[in-house]
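Welcome! Please take a look at the sequence and the structure shown here, and then read on for a short tour.

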Amino acid sequence: MSDVTEIIEKQIDKYGKKRETLIPVLQSIVEKKHYLTEESMLEVAKNLEISAAEVYGTASFYSFLDIEERGEYVIRICKSITCDMKGKNEIIKALENKLKIKCGETTTDKKFSLLLTNCIGWCDKSPAMLINDEVYTELTPQTAVKIIQDYYKK
Amino acid sequence: MAKSLRKIDIIFAPYSRCPYKVLENCCKKNKKDIIQNLIDSGLRGRGGAGFPTGLKWKFGAETEGDVKYIICNADEGEPGTFKDRKILCEVPRKVFSGMGICAHVIGATKGFVYLRGEYKYMVTALEKEIKMFNNRAQEMGLDFNIEIFLGSGAYVCGEETALIESMEGKRGEPRNKPPFPVQNGYLGKPTIVNNVETFVSSMMVCKMGAKEYSKLGTQDQHGSKLFSISGDTPNPGVHELELGLNVADFVEEFGDGDTKAVQVGGVAGFCIPRKKFVETIVGQGPTTGGATMLFNSSRSMYHVLQNYLEFFVEESCGQCTPCRTGTQQLLKGIKAVKNGDKPPAYLEELIKLSETMKISSKCGLGQSVANSFASIVENFKEEMIY
Amino acid sequence: MTNMINLKINNIPVTVEQDTTIFQAAKKLNIRIPTLCYHEDLCVAGNCRVCVVEQIGNKNLPASCCTPVTQGMEILTNSRKVRNARKTIIKLLLSEHDADCTKCYKNGNCELQDLAKEYCPEETEFYIDLLKDKVFTIDMASPSIIKDDSKCIKCQRCVRTCAEIQGVSALTAAFKGADIKISTFFEKPISEVVCTNCGQCINRCPTGALVEKRYINEVWNAIDDTTKHVVVQTAPATRIALGEELGYEPGQRVTGKMVTALKQLGFDSVLDTDFTADLTIMEEGTELLTRLKRALVDKDTTVALPMTTSCSPGWIKFCEHAFPEFLPNISTCKSPQQMFGPLSKTYYAEKKNIDPKDVVCVSIMPCTAKKFESDRPEMTDSGYKDVDYVLTTRELALMIKQAGIDFLKLEDSKYDPLMGASTGAAAIFGATGGVMEAALRTAYEIATGREVPFKNLNIMPVRGMDGVKEAKVLFEDCLPDWSFLNGVELSVVIAHGLANARQVLQSVKDGKANYHFIEIMACPGGCLGGGGQPIPTSPEIRQKRTQATYEEDMNMPIRKSHNNPEIKQIYEDYLEKPLGHKSHHLLHTKYSKREKY
């Protein structure tokens, strides 16, 4: 827990011990630890002196503040209409096959989570996906699989 | 080039040699003059609500407050919209100029760019630009600095009060209006929230002058607008066009020859069927963010509507009854009609429901669902049933 | 000088102050606009949209509870547009609600039911059932509160109550869109989080999503069991509110009728928690004076002052979670309910020659936290579970109805002897400031030999609805044994509602305040506003109940705890003296630190 505490304290030093700091704190924990655990949220509650329920209620509102276990790399395939029209289903199938998991799941080696997300703002270069903060556009099933393979090499 | 379509290149025109010259000049001008110029230009917000920008800044200047804030709404979550992404990548200085002029005019000392989490990849580059801006502002004697606040994946945070709630560390649930952010905004202080493109356009208005600017566009909608064009088009991307264009001309330019429908204004906007292309002018009435998606005849409009409704069901903040339950009812409703559990006449009930959502929902999200719902169901009824 | 605004509602002109809402302006004209998420005690939410009205010139319907009036505004509250919208919204709410009313505890007292009755009686078509594809678990883990999400309409009154009035925030809205739900931290059962069991959320829930855990069947079973001797004790605050469930207006005292009804229900002995309230005063008063003596005479720096009261189990659990450093400050006295329990199975059983294992102790409380309190593992000093079942005022009313008793026509009866006599001091326990006043009436007289220097024994400074009340009482010319108190200005503070309690404790913690004695009640208004009291609650209703409480006091022949003859008897015959050996064993307790978050 000490590394989470460190992350929290760093944000508090930057922004102050107030409610407005909550989302930056949660974002930094997700950045380093991939998702928010019960313990980490309690730690946030303690340090910001907010009720644990409020931390949970706020975190659960935002799609990118994952409160379920996620892998090191979170793949988010866009499912909004243009990406859907341009072949997102084939991308999903290809990645489900490659990773041997279904959408919504995490690989057993905790390397990848495969999720769907709403419009990520790359409709002119669809289909598109995010892997953590990186954007990948104009995907084909082949290029999508290749991207994953490259990540395995990292 | 089709008749009513006029392409221009103001927003992405390259920077002038001296960055922030316009801002520097504005800081020497009379604040009331700047505001009047903006009002005269007829510029309206480019995010979706379309509120007259000059008026907003006027209220901001007139509201008393020891502390005031400027927020650039870069939450660009409307499906089909990606213009702000391009602006922030290519011409961010124009955005910060606009913010700086606004700060000068209303007396704000702190600005934020609320950047959607999906655009986190551009943070490093943006922070570099922001650092440069903050230094330049200081050199100019403008007491104003900007900071990025990152979103975390919530479409509703594009609504200005939900955005503010998010910045205050809470769930992105829209507030009751009135009071408006200009009176009671971030941390209860007077706050101006404007879209990325609005700040750029404001800066252009200050540079060109209201008279030149209002020569563009129609009587009702002045100026130019960025259109994010995608879908069944050989030419997807961001295009800057004068307002007042006719949809038929638009389709001639950007369609793939088989366009069956055009979604104007993202999923919160209207679906124009082929038979109405000629009579529909884009820019009459509020334009929602400029997202334009083209569908050709291979597309099932039922599938399109289902995709939209699934989006709304997920992204609704869930606070108010009409939106939270209404979106679910509309989605389940069209499915029930499609698989025969409900008769086709039920579609009329659903349209009525969407109308009630439009007039009773707490924020623009719930209020806009009826736009695409009614326009798709009414114009593509057979596809909903068979 | 506030601006005045002129507007018209349903074509009737009205003038109100600026910032008045449409809803409030309509109320001034006696025009009722239906609401759901709105509650007098809470900040405005504006999310249910039931209160929408038509504004001429506005294509949207503003929500009247949160829209301020503007000059020249024209509002219609009952136009066709409004009626249609209202009907739609109510039907939408019904589509996400388990509307099987016949199975629901709130049947007949449900705000959603009322709206459906008023606006949709001719509807034959309702919307698609939204609950069908969703999974709901009913949280029944807590001994006090049951949470049933299938009945929740997301008005968030419970969230606001827990946050604003109680400052606990054990509940939150979680997720968004179709998945939004009212939840605890990580959706844990209520019993596993910082919930204090105060039940204020229950009082404000418009439907049956939050109700108390009921023990009516268990009590009927005990009454039916001829081998059991069932005693019942009644709280001070029940007798001034029970009537509301049975046909009376708020503020009606129904003590005598309540006793008669309890006898007719079949309880073997109808006794009074007010008796042990008097006993609490004896024990707690002595405890306070002892702590003061240790501090002032012995100069004992380890003595925990200020001392706080301990009769509110919601307050106790709150303190255990949020301010465990103050646990030594809490009086070691059990609450009147929990003093009664062990005495019913020792003193009472002995006197009546009944085997204690056959005694069943039932209490009628205005409180839901008392159910948790009776379940606390340490509450077994009699050798058995001291208090077997706790019923709320609402549950008692239901039993009276089930038994077919025509409550309004009942004659008055008196409590049974041994543990049934009480005083005016006990009666005021139900109001905020009441315990303090009762304690002062006794402590002052013990120390000085004189009555408290307040007209008619009514200590006005500790009364009233202010969230935090301070008072000072000067002790002088004390009796020889208590001469160390000469010149001491006893500084007391009273807080009701846990947000106010937090404020007081924080000020003590920060060294900003110097008190000797603190009374804390978890519920706004004190027990009379408790989580087990008739629903609805409002400032007006609590005010009426307060009046009834002080009337009850004024009408008691004896008004000081130490003059209660049955109290004198129990000390003579059994307990010997306050804080004596038997008292320590049966009437005192300890507390445990709990997780803060």
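## About the model

This is a predicted model, in which local features need pLDDT of at least 70, side-chain atom pairs count only at pLDDT 80 or more, and totals for chains, interfaces and linings use all residues. Residues are numbered from 1 along each chain as its sequence is written, while chains are lettered from A and ligands numbered from 1 in the order in which they are written.

## Where chain A meets chain B

Contact joins 30 residues of chain A with 37 residues of chain B (two residues are in contact if their C-beta atoms, placed from the backbone, lie within 7 Å). On the side of chain A that touches chain B, at least two residues each come from α2 (22–33), α4 (52–61), α5 (81–85) and β4 (134–136). The largest share, four residues, belongs to α5(A). Helices (H or I, at least four residues) and strands (E, at least two) are DSSP runs, numbered from the N terminus.

## Domains of chain A

Chain A has a domain 1 (2–61) and a domain 2 (73–153), with bounds from an automatic or database domain assignment. Their C-alpha centres are 28 Å apart.

## A look at Thr280(B)

In chain B, the loop between β9 (270–273) and β10 (281–282) holds Thr280(B). Leaving aside residues up to four places away in sequence, Thr280(B) touches Val247(B) and Ile272(B). Gly244(B) is 36 residues from Thr280(B) in sequence, and their C-alpha atoms are 9.5 Å apart.

Thr280(B) counts as partly exposed because it has 17 C-beta neighbours inside 10 Å (20 or more other C-beta atoms within 10 Å of its own make a residue buried, 12 or fewer exposed, and in between partly exposed, with C-beta atoms placed from the backbone).
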